[in-house]
Amino acid sequence: MRRPLLILTLLSFVYGAQAAKNDSIPSYDRSHEHDLYVNMTFFLKQVINLSSTNLTISPYIVGYKYFRTEHHGLRTSIGGNFSRIKDSQNSNFERTTATGTMDARIGYEYRYSFGKFWTFFTGLDFVTNYQHIKSITNSSGDEVTTTSDIWSLGAGPMIGIQINIHKRISLFTETAFYYTGGQQRDRVTSSGFSGFDDDRITSN
């Protein structure tokens, strides 16, 4: 399954062992560089309506890059989310749904700077995702619990561009195309009707 991701990381903090005598952008040595970045769109989407886009906003919240040489490096990032929704239509019906997700990736990155402020980068990522959904429904004295566990693994290329505002601050955006596959386990239990119980695993 192909999953395109629009990764618009508006703020990247760059800090590391850079052999620089000053803070000017063109002159410092970029080998053995450590980069820490934060995906600001993860927070901005809470206040800005981004639902109109056809692409998926990146789930990765924080990330780290290490460049042993000027052009070649490793990168990793993680993200997660948790939500809890309670729906109580009347005294005879109540549903509580809790959802938790975790995303992680690790990959290789090649970068090339042109001019004083621009850096092009591309590479390959390996990604994994886990999602847990639990819903408890109380209706007319019966409690039905539905649990879903979803795992996926995949890989794919990415490409992006970075604006170097300062030695330690930059902005970048990237697009990734990940091909993923996995399994989903769904379980249903009922306190009042044992014959209603179910447990199945499907591939996705």
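Predicted model: local features only at pLDDT ≥ 70, side-chain atom pairs only at ≥ 80, totals over all residues.
I call a residue buried when its relative accessible area is under 20%, exposed when over 50%, and partly exposed in between.

**Entry 1: a charged pair, R105 and D125**

I started with R105, which has 5% relative accessibility and therefore counts as buried. Its partner in a salt bridge is D125, with the closest N and O atoms 3.6 Å apart. R105 sits in strand 6 and D125 in strand 7, and the two are 20 residues apart. I looked up D125 too: its relative accessibility is 0%, so D125 also counts as buried.

How many salt bridges does a search of the whole structure find? I noted 11. Side chains of opposite charge can pair when their charged atoms come close.

One of them joins K65 to E109, with 3.0 Å between the closest N and O atoms. K65 lies in strand 4 (residues 62–67) and E109 in strand 6, so this pair ties together parts that are 44 residues apart in sequence. Buried or exposed, what are K65 and E109? Both are buried.

Next I checked R75 and E174, whose side chains meet in a salt bridge of 2.9 Å, N to O. This pair links distant parts of the chain, with R75 in strand 5 (residues 72–90) and E174 in strand 9, 99 residues apart. R75 has a relative accessible area of 2%, so R75 is buried. E174 is buried as well, because its relative accessible area is 2%. I then wrote down how these residues connect: salt bridges that share partners join K65, R75, R105, E109, D125 and E174 into one network.

**Entry 2: aromatic rings**

A pair of aromatic rings is described by the distance of the centres and the angle of the planes. My count came to three aromatic pairs. In one of them, the rings of Y37 and F172 have centres 5.4 Å apart and planes at 80°, so the pair is edge-to-face. The pair links distant parts of the chain: Y37 is in strand 2 (residues 33–38) and F172 in strand 9, 135 residues apart. Y37 is buried at a relative accessible area of 4%, and F172 is buried with 4%.

F172 turned up again, this time with F121: an edge-to-face pair, 5.7 Å centre to centre and 85° between the planes. F121 lies in strand 7 and F172 in strand 9, so the pair ties together parts that are 51 residues apart in sequence. F121 has a relative accessible area of 1%, so F121 is buried. What do Y37, F121 and F172 form? I put them down as one aromatic cluster.

**Entry 3: Y110**

F121 is also one of the residues in contact with Y110, once neighbours within four places in sequence are left aside; the others are H71, H72, F120 and T122. Y110 has its place in strand 6. At 27% relative accessibility, Y110 counts as partly exposed. I also compared Y110 with F67, 43 residues away along the chain: their C-alpha atoms are separated by 9.2 Å.

**Entry 4: two polar contacts**

I went to N129, which is found in strand 7 (residues 118–139). Its relative accessible area is 13%, so N129 is buried. The side chains of N129 and D103 are joined by a polar contact of 2.7 Å. Not counting residues up to four places away in sequence, N129 touches M102, D103, I150, W151 and S152.

Then came S148, found in strand 8. S148 counts as buried because its relative accessibility is 11%. Which side chain makes a polar contact with the side chain of S148? I found D186, at 2.6 Å. Among the residues that S148 touches, beyond those up to four places away in sequence, are Q131, H132, I133 and Q184.

**Entry 5: a nonpolar patch on the surface**

Last, I looked at the surface. Y112, F114, F117, W118, F120, I159, I161, I163, I165, I169 and L171 form a nonpolar patch there, with about 920 Å² of accessible area together. Strand 6 (93–114), strand 7, strand 8 (142–166) and strand 9 (169–190) are the elements that give two or more residues to this patch. Which strand gives the most? Strand 8 does, with four residues. I looked up F117 separately, and its place is in the loop between strand 6 and strand 7. F117 has a relative accessible area of 41%, so F117 is partly exposed.

Definitions and conventions:
Residues numbered from 1 in each chain as written. Heavy atoms only, no water. Buried < 20%, exposed > 50% of the residue type's maximum accessible area, 1.4 Å probe, protein only. Polar contact = N/O pair within 3.5 Å; in protein donor to acceptor, adjacent residues only side chain to side chain. Contact = heavy atoms within 4.5 Å. Patch = residues over 30% accessible without salt bridge, like charges linked within 9 Å, V, L, I, M, F, W, Y side chains within 5 Å. Areas by Shrake-Rupley, 256 points an atom, 1.4 Å probe, with all protein chains shown as cover. Salt bridge = Lys/Arg side-chain N within 4 Å of Asp/Glu carboxyl O. Phe/Tyr/Trp six-rings, centres within 6.5 Å; stacked < 30°, edge-to-face > 60°.
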